[in-house]
Amino acid sequence: MSVNKFTQIIQASLHQPELMLELEKFRRDITVMFTDIKGSTAYFEKYGDLAGVMMVHTCNELLRERIDKNHGVFVKTIGDAVLATFEDPKESVLAAIDMQRALRSRNEGRGEKDQIHIRIGLNYGSGVVKTNDVFGDVVNVASRVESAAQPDQILMSDTVNQRVCHLDLFKIVHVGRFSLKGKEGASELFEILWDEQQRSTTASAHLVSPPSGAVAPFIIQDIVRGAVAGEWKLQEGTLTIGQRNCDISFPQDTKMAPEHAKLLAEKGQFYVEDVAGRGVFVRLISTYTLQNKDIILMGTQMFRFKARVEAIAAAANTGTAIMDLASMLNKPVAELLRIHPDGSEEGSHYPLNEEDVTFGRNSGTYVLAENEFMSRTHARVYHRGENFFLDDLSRNGTFIKVQGRAPVPVGASVVIGSHMLKIAQ
């Protein structure tokens, strides 16, 4: 099939779903790798756009060499991310290890802000594979696996682990069970340890439960002006929190409902539940996968995330770029809407029609100079596959409003009423 014919099918399939059947001719099993540079926004801020572009280019060329060496295909860059494919899952793991070791060598002797660190996610499954592109659920899951990783970490899905664990070539650690958007139940994720002295790094995003074994109690710390003003322990069960007659009560906090929230520990995972509907916010400590209608707090301003989910899913399954999709629809594919504390709209819209969008007080794609508690560059929203991800770049924090019950990673803070509670272990 010619490239033009292929493109026509992609475009038409958004309006005529039956044409998706044509794409099935290109479906086969493949290993997909996603990488992402951690801290690139700060690098751009410190050294300027030209130096930032050169840094990303240098990093991507280094990654390209390792992909080629291990018989992979460097598909494309998406902002500062790299998408690659491998026929053999083993070679994808070898390439990922080569990448991390090469960057470690490059970083030696450099200051912290001059170093380059990447996260890597691997997934194996069925995808639509074109000569110079790949798309489908195998890509979506790879992007979610990568988003769960920490800098310098290599994570892989269970489908990759099943194909490499018997080779006795790699040191593999079970990280835990994770909730990945769009997947029923929890997904097992595994870490490849690429440094002889390396210890497993807990992947904090999306964690549902850690590996089996003894679990230490959670420590709930009331943080006031940077100091611990109160502390409670919870190993298994529930604590209520509110203004009065609760396990944890703050009688002077007029922003709290009598019973405002529940703090829960189940099978090694900490949760918070908003029972009063007055608002509970969790501070991001890692990349967050945005869900339609999520409410985000940056500084003093709240936003609602709004996405055209079906159109984005169709585009992801046909390889249509986010900007092209917005042009086809003649409207934003996704956007942030400024809202009042009661949830009503203020009227300001911030379209997310680019692969990478930043928000800040005096720099970024969108500048909100009147928000005094917003950092210079406060947060980043970026697009991969059918997902939009949110990264906090600030000192003051970016927060997600809890909808019902939500998992809270160790190290994160929860805002309930006027109090900020840090979850430790």
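Let me begin with a question: in strand 11, which residue is the bridge partner of Val-224? The partner is Ala-227. Please keep in mind throughout that this is a predicted model.

Val-224 and Ala-227 bring us to a pair of strands. Strand 10, residues 218-224, and strand 11 are paired in the antiparallel sense, over seven bridges. Together they make a hairpin with two residues between the strands. In that turn, Arg-225 has a positive phi of about 50°. As for burial, strand 10 is mostly covered, since five of its seven residues are buried.

Five strands form it, in the order 13-12-14-15-27, and the pairing is mixed. Strand 13 and strand 27, the latter covering residues 405-407, stand at the edges with a single partner strand each, so one side of each has no neighbour in the sheet. The partner strand 15, residues 269-274, pairs with strand 27 over three bridges in the antiparallel sense. Within that pairing, Glu-273 has Arg-405 in strand 27 as its bridge partner.

I turn now to the aromatic rings. The structure holds nine aromatic pairs. One of them joins Trp-232 and Phe-250 in an edge-to-face arrangement, with 6.2 Å from centre to centre and 80° between the planes. Why does this pair tie together separate parts of the sequence? Trp-232 lies in strand 11, whereas Phe-250 lies in the loop between strand 13 and strand 14, so the pair links parts that are 18 residues apart in sequence. Trp-232 counts as partly exposed, at 26% relative accessibility, while Phe-250 is buried, with a relative accessible area of 9%. Another pair is that of Phe-359 and Tyr-366, which is tilted because the ring planes stand at 35°, with the centres 5.3 Å apart. Both of these residues are buried. Phe-359 and Tyr-366 also belong to one aromatic cluster with Phe-303 and Tyr-350.

Finally, the pockets. About 870 Å³ of space lies in the largest pocket. Its lining has 25 residues, and Gly-39, Thr-41, Ala-42, Tyr-43 and Leu-393 lie nearest its centre. Which element supplies the largest share of that lining? Helix 3 does, with six residues. By class, the lining of the largest pocket has six nonpolar, eight polar and eleven charged residues.

The second largest pocket has a volume of about 680 Å³. By class, the lining of the second largest pocket has ten nonpolar, twelve polar and four charged residues.

Thank you for your attention.

Methods:
Residues are numbered from 1 along each chain as its sequence is written. This is a predicted model: local features need pLDDT of at least 70, side-chain atom pairs count only at pLDDT 80 or more; totals for chains, interfaces and linings use all residues. Side-chain values use heavy atoms; hydrogens and water are left out. Rings of Phe, Tyr and Trp (its six-membered ring) pair if their centres lie within 6.5 Å; planes under 30 degrees apart count as stacked, over 60 as edge-to-face and the rest as tilted. Helices (H or I, at least four residues) and strands (E, at least two) are DSSP runs, numbered from the N terminus. Buried means under 20% relative accessible area, exposed over 50%, partly exposed in between (1.4 Å probe, protein chains only). On a 1 Å grid over the protein atoms alone, a cavity is a set of points where a 1.4 Å probe fits but cannot get out, and a pocket is an open set with protein on both sides within 12 Å along at least five of seven lines; lining residues have an atom within 4 Å of a point. Grid points are joined across faces, edges and corners, and a volume is the space filled by probe spheres set on the points. Ala, Val, Leu, Ile, Met, Phe, Trp, Tyr, Cys and Pro count as nonpolar, Asp, Glu, Lys and Arg as charged, and the others, Gly among them, as polar. Two strands pair if DSSP finds at least two bridges between them.
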